[in-house]
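Subject: Structure handover

Hello,

Here is the structure we discussed. My notes follow below.

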Number of protein chains: 2
Amino acid sequence: MPPRDAEATRRRLLDAALREFAEFGIAGARVDRIAEAAGSNKAQIYHYFGSKDQLFDAAFETIVRDTVADTPIDVHDLPGYAARLARRYEEHPQVMRLATWQRLERAADAPVPLAVKSVRDKVDAIARAQDEGVLPRHYPPGVLLTLVLQLAAVWTAVNPEFGAAVDMEGVRREDVVADSVRRLLAG
Amino acid sequence: MPPRDAEATRRRLLDAALREFAEFGIAGARVDRIAEAAGSNKAQIYHYFGSKDQLFDAAFETIVRDTVADTPIDVHDLPGYAARLARRYEEHPQVMRLATWQRLERAADAPVPLAVKSVRDKVDAIARAQDEGVLPRHYPPGVLLTLVLQLAAVWTAVNPEFGAAVDMEGVRREDVVADSVRRLLAG
DNA sequence: AGCTGTCTTCTAACCGGTTGGTTAGAAGCT
DNA sequence: AGCTTCTAACCAACCGGTTAGAAGACAGCT
């Protein structure tokens, strides 16, 4: 275990950044806190990543890459795909939080190429499946994907007031997601 | 037009706060900017609202009140209700942005009573409609409401990368919302 | 009408702590 | 030695929040 390891330090910083940004967003994140959580130094962040914003970009890209790799689309089983995505969101709450912060705080910036490609691939796959009669045609491919992703994210978007108002114990969340996507495709 | 009008000043500050918080969130909002946009003074904010956080609370409560009043639920026509909500979100983008900031930055705090009541009323109405056979029973009332609200918000949640990847021109957004809710209730 | 005192509404200036970012140089490795 | 990796200390700008007092409104008095 080398105490001096540039790559390991970079990873630790990135990991701490991921947690910090997921919790507090870009404006709310504190660079010192990230450095401390990584057992490192603030200057290292600027050495490895350049700026707070670039550090966020790196963290976001990492999590997008991991999620895309872990949860590939399956056009023959969109309900199952949505359920798997929902499980990933539940097991890694940072994914959706980071994506949301990015949408809110970085809307003006140039879109992340990796994410654009991932969306394009999925839309193409859905379009092809529609051509082959595997998927229904009542929504254009982009719209269908949007709806499926939105349903997969349903449990990440419940406001705190909802939890205070309704008892959600005993709800099989993934099943609700899969079932609702099934209904979306039917008819 | 009285140049000295406490109530008018309060309203201007609240309105400016609404815009600022919707754009930048709580951590990103700047109190000076709000005061300047309202043509007022920073000290007035602390006089009328107490603190930055309390100012956010006031802005959030205002927008919840307006939205609840403007878009009542109609259990006999959930697709139409969802479509109306979607239109409201589209015409007033601050609504969903503020709600999202609140969820991300204020999850730990006590839920807003007004919002809790609004959710409870809607859940009760859905439960009653299910008892009367007006609505299907394949989801518990709270789950059904969650799904409907999530579908109504579908166009507020598209990440920037989506817009860059897919052409959404010509999509009748409200119709998609109404149609998807219809499918959710069918079967 | 004018004068005066009092209360409300408003503002400029200020404050201490914090923030993202920098620097100069120490310490380890080969 | 020479390069990479690391750190403590520093900095100017900024931020939420405060303060002391100015300026308008209004009532009562003359």
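A residue counts as buried if 20 or more other C-beta atoms lie within 10 Å of its own, as exposed if 12 or fewer do, and as partly exposed in between, with C-beta atoms placed from the backbone. This is a predicted model: local features need pLDDT of at least 70, side-chain atom pairs count only at pLDDT 80 or more, and totals for chains, interfaces and linings use all residues. Residues are numbered from 1 along each chain as its sequence is written, while chains are lettered from A and ligands numbered from 1 in the order in which they are written.

**Helix H6 of chain B**

Helices are DSSP runs of H or I with at least four residues, numbered from the N terminus. H6(B) covers residues 93–105. Of its 13 residues, 10 are buried. They are B:Val95, B:Met96, B:Arg97, B:Leu98, B:Ala99, B:Thr100, B:Trp101, B:Gln102, B:Leu104 and B:Glu105. Their cover includes H1 (6–28) and H6 (93–105) of chain A, plus H1 (6–28), H4 (52–70) and H5 (78–91) of chain B.

**Symmetry**

A 180° rotation with 0.0 Å of shift along its axis superposes chain A on chain B, RMSD 0.1 Å (least squares on C-alpha atoms of residues with pLDDT of at least 70 in both). The two copies are therefore related as by a two-fold rotation axis.

**DNA strand C**

There are 21 residues around DNA strand C (near: C-beta atom, placed from the backbone, within 6 Å). A:Ala43, A:Lys52, B:Ala6, B:Thr9 and B:Ala43 come nearest. H2 (31–37) and H3 (42–49) of chain A, with H1 and H3 (42–49) of chain B, each give two or more residues to this surface.

Best wishes

Methods:
The expected span of a helix is 1.5 Å times one less than its number of residues. Two residues are in contact if their C-beta atoms, placed from the backbone, lie within 7 Å.
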